[in-house]
Amino acid sequence: MKFTLNWLKTHLETTASLDEILYALTDLGLEVEGVENPADSLGDFRICRVIEAVKHPNADRLRLCRVETWPEGPDGPTEEVQVVCGAPNARTGLVGVFAPVGSYVPGIDMVLKPGVIRDVASNGMLCSERELMVSDEHDGIIELSEDAPMGALFIDYTNRNDPVIDIAITPNRPDALGVEGVARDLAARGLGTLKTPKTQAVTGSFKSKINVTIDAEVQAKACPVFMGRLIKDVKNGPSPQWLQDRLRAIGLRPISALVDVTNFFTYDRNRPLHVFDADKVQGDLRVHFASGGEGLTALDDKDYRLDAGMMAISDGQGVQSIAGIMGGVQTGCTETTQNVFVESAYWDPITIAATGRKLKINSDARYRFERGIDPAFTGEGLELATRLILEICGGQASEIVVAGNVPDVARSYRLDTDRVSSLVGMEIAAETQTATLKALGFKLKGSEVTPPTWRPDVQGEADLVEEIARIASLTKLEGRSLARETSGVTRPILTPIQRRESVVRRQIAALGYSECVTYSFIDQTAAEMFGGGQDATRLANPISSEMSHMRPNLLPGLLQAAARNQARGFADLALFEVGPAFDGGEPEDQHMEASGLSIGMNGPRDAHDTRRAVDLYDAKADAEAVLAAIGAPVKLMVRRDVPNWWHPGRAGHLSLGPKNILASFGEVHPKVLSAMGIKGPAVAFTIFVVNAPFPKSRSATRPALKISDLQSVERDFSFVVDQKVEALTLLNAAKGADKALITAASVFDVFAGEKAASQMGEGNKSIAISVRLQPKNATLTDAEIEAVSAKIIDKVAKATGGTLRT
């Protein structure tokens, strides 16, 4: 929204400076996006006199001018400058505008430098109107009257020193799309007095030959009122200079008096209007919904085809205007227009917005109607436009044609003057609050407040408080600490699960993984690969087709992130995420997971050849480390009945009993990797954060370290077992031989393959384990050690059918 300072002052009686106004606008919520001050671009151009203009010695069409200038202003010393000029009207005694060397000429986007033209020096320029962006005229240089003040700034002499202010308007403030609305806010802040004159009605001298009808369906839904009047015998031509200057200042091109008047009131009073050439209108006008397929050439010279349900204004020939958005060329006004029909109507914002988006038309009318204008100003806007057209173009006005009724938007809310303090934390006197609302146009009757018709955004008591606080300035807010409900040390507010999530997140990060935060929504194909994709987890209004379902697992998001990283050349990855996964559409179907994904090598290249590809044992070790960090039991079952997104035979569950799964780990299935665009094998783990039981002791202290002063004993055993026997089964059997003495057992060698078969028989392998015995009361004797060894051999034999290798 652009306007000039002088334009603003036609509605605001103020002595405030430009800087004060700019600060107040931003503070009021009308953020200033920019200020174009003519003094910045035209401040170097001063009025001068041509002392002598003679023919150029080396060119027939050039004039050699001696120019008298006042570089320091009217009261400063004069200076004579030589200028080569090609304008046909350059002559002795001419009073014009001089641009000195070093000045920037905006009309031609050039900084002047000393020059030599046909062997003659030229130091400056005598300017045309185009070079100073006054108009497009450039056939000659500017000629001023002989009584113009020599040395004065051109912008001061021509009253062009008028800063242009550009403010950002939020969608809830359509009233600020008119200069009057901006002035009202500033007046309420105390920067002046609102001085918009009262509208004076124009009495019609005859009945309009053009009548208007609104289809019943349209009147009920989209156009409650349409007003218009015929003005005959007008003389359409260029609009007055003051009107052209204002329109040019805000970036609009003056077209003709009739069109310029409508554009003026669009910005001045937020009242979009339209003018039809009455002689081109066949019959009466009808406002209706399009049937679909109707077309017209609009004023932007583009052809549009209307869909069913779009609003249109038609005459006997067909559609002549896209209602509330843009008129048509066929009935548009030109310089030859003698009779004009002026339209002023109220259009439904949603209908206008939908039509504008569909047709991709961005017009000032659409921009305002879709945000909501003042319906009660429909008639006044027509009266103002009529009076200005009569002043500029002459003519006679008819009686006003009215179809429909102005919609009643009256509503009232109770003002609680004490609520300002509770809502925004500002202490504002009750009389100040009521005065503020009155200054903004609100009507008060006791504690009941009726918003003005131009404020559709005020929809409740809280909005009244917002207006009061906005005018008072939210910069006056002072920070205050919240009052404490209890004294002393506050209780912890994190739940045990929240604390566990934090521990899990820190532990996985400590293992070298990088945290990811992915969307909770994935596409149906990915969801189905990980056991989801049912209708219960389908989103009613997804962001895109790739985010149609709630994720059943965290791995799809991590795999997608890994694919994007691989596409950018990162081959070795370790990513993790902690977040919710969803089994259904109800709150109880949500559960917390922590997943890690590793791809590529386990570290950077080095000179010791320690680098290797990550495998399922890395994933298992990381899962066990996370479970240990949250206090899960050490002895867990390893189950192989994993879901189908894991590689069969290379994945497992860590469970506490047959049903309580604490974690899953292993290689991701190659089919899943291929579908997700992952190159190479990938290993992963998933921790089910809630499933691990919480420690019985809530103490934060560690238990005392128990160290025996007796020597421990380690014995190695090598068993021949069937090749299908799992090492874990053998280890568990060995540990169970004597739970009091055996404190640790581990595998240190596996001998399998063809060599093993040749030595130990087909289908067999050798597993070597180390067992540690820790006495508690006395050093173990040889007999006691042998007895425990025999128990180990016996237990392993019963559990696996294995024999001691000899």
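## A tour by selection

Start by selecting Gly190: sitting just after helix 5, this glycine has a positive phi of about 105 degrees. Helices here are DSSP runs of H or I with at least four residues, strands are runs of E with at least two, and both are numbered from the N terminus. Before you click further, know that this is a predicted model, in which local features need pLDDT of at least 70 and side-chain atom pairs count only at pLDDT 80 or more, while totals for chains, interfaces and linings use all residues. Residues are numbered from 1 along each chain as its sequence is written, and side-chain values use heavy atoms, leaving out hydrogens and water.

**Stop 1: helix 5**

Now step back and select residues 179-189, which make up helix 5. How many of its 11 residues are buried? The count is 10, so helix 5 is mostly covered. Buried means under 20% relative accessible area, exposed means over 50%, and partly exposed is in between, using a 1.4 Å probe and protein chains only. Colour the buried ones if you like; among them are Glu180, Arg184 and Asp185, along with Val182 and Leu186.

**Stop 2: helix 8 against helix 11**

Next, pick residues 257-268 for helix 8 and residues 378-393 for helix 11. Two packed helices are described by the angle between their axes and the distance between the axes. For this pair, the angle is about 145 degrees and the axes are 10 Å apart. The axes are lines fitted to C-alpha atoms over the stretch in contact, and angles run from 0 to 180 degrees between N-to-C directions.

Show the side chains where they meet: Ala257, Leu258, Val261, Phe264 and Phe265 come from helix 8, and Leu384, Ala385, Leu388, Ile389, Ile392 and Cys393 from helix 11. Meeting means contact, with heavy atoms within 4.5 Å. What kinds of residue make up this contact? There are 11 nonpolar residues, no polar ones and no charged ones. Nonpolar covers Ala, Val, Leu, Ile, Met, Phe, Trp, Tyr, Cys and Pro; charged covers Asp, Glu, Lys and Arg; the others, Gly among them, are polar.

While helix 8 is on screen, select Thr266, which belongs to helix 8. Thr266 is buried, because its relative accessibility is 5%. Not counting residues up to four places away in sequence, Thr266 touches Leu177, Arg271, Pro272, Leu273, Asp364 and Arg368.

Then hop to Glu383 in helix 11. Is Glu383 buried or exposed? Its relative accessible area is 11%, so Glu383 is buried. Leaving aside neighbours within four places in sequence, Glu383 is in contact with Thr199, Gln200, Ala201, Val202, Arg229 and Ile400.

**Stop 3**

**Stop 3: helix 15 against helix 18**

Move on to residues 496-510 (helix 15) and 616-629 (helix 18): their axes come within 9 Å and cross at roughly 140 degrees. Helix 15 and helix 18 are therefore oblique to each other. Angles under 35 degrees count as roughly parallel, over 145 as roughly antiparallel, 65 to 115 as roughly perpendicular and the rest as oblique. The crossing of helix 15 and helix 18 is right-handed. Val503, Val504, Gln507 and Ile508 in helix 15 meet Ala625, Val626 and Ala629 in helix 18. That contact holds 6 nonpolar residues, 1 polar and no charged.

**Stop 4: out in the loops**

Most residues other than glycine have a negative phi. Asp109 has a positive phi of about 50 degrees although it is not a glycine. You'll find Asp109 in the loop between strand 8 (104-105) and strand 9 (110-111), and it is exposed at 57% relative accessibility.

Lys360 also has a positive phi, near 60 degrees. Lys360 lies in the loop between helix 9 (349-359) and helix 10 (364-369), exposed with a relative accessible area of 72%.

Finish at Thr701, in the loop between strand 38 (682-688) and strand 39 (713-722). Thr701 counts as exposed, at 61% relative accessibility. Draw a line from its C-alpha atom to that of Ile543, 158 residues apart along the chain, and it spans 48 Å.

Terms used
Left-handed = near helix turned anticlockwise from the far one by under 90°.
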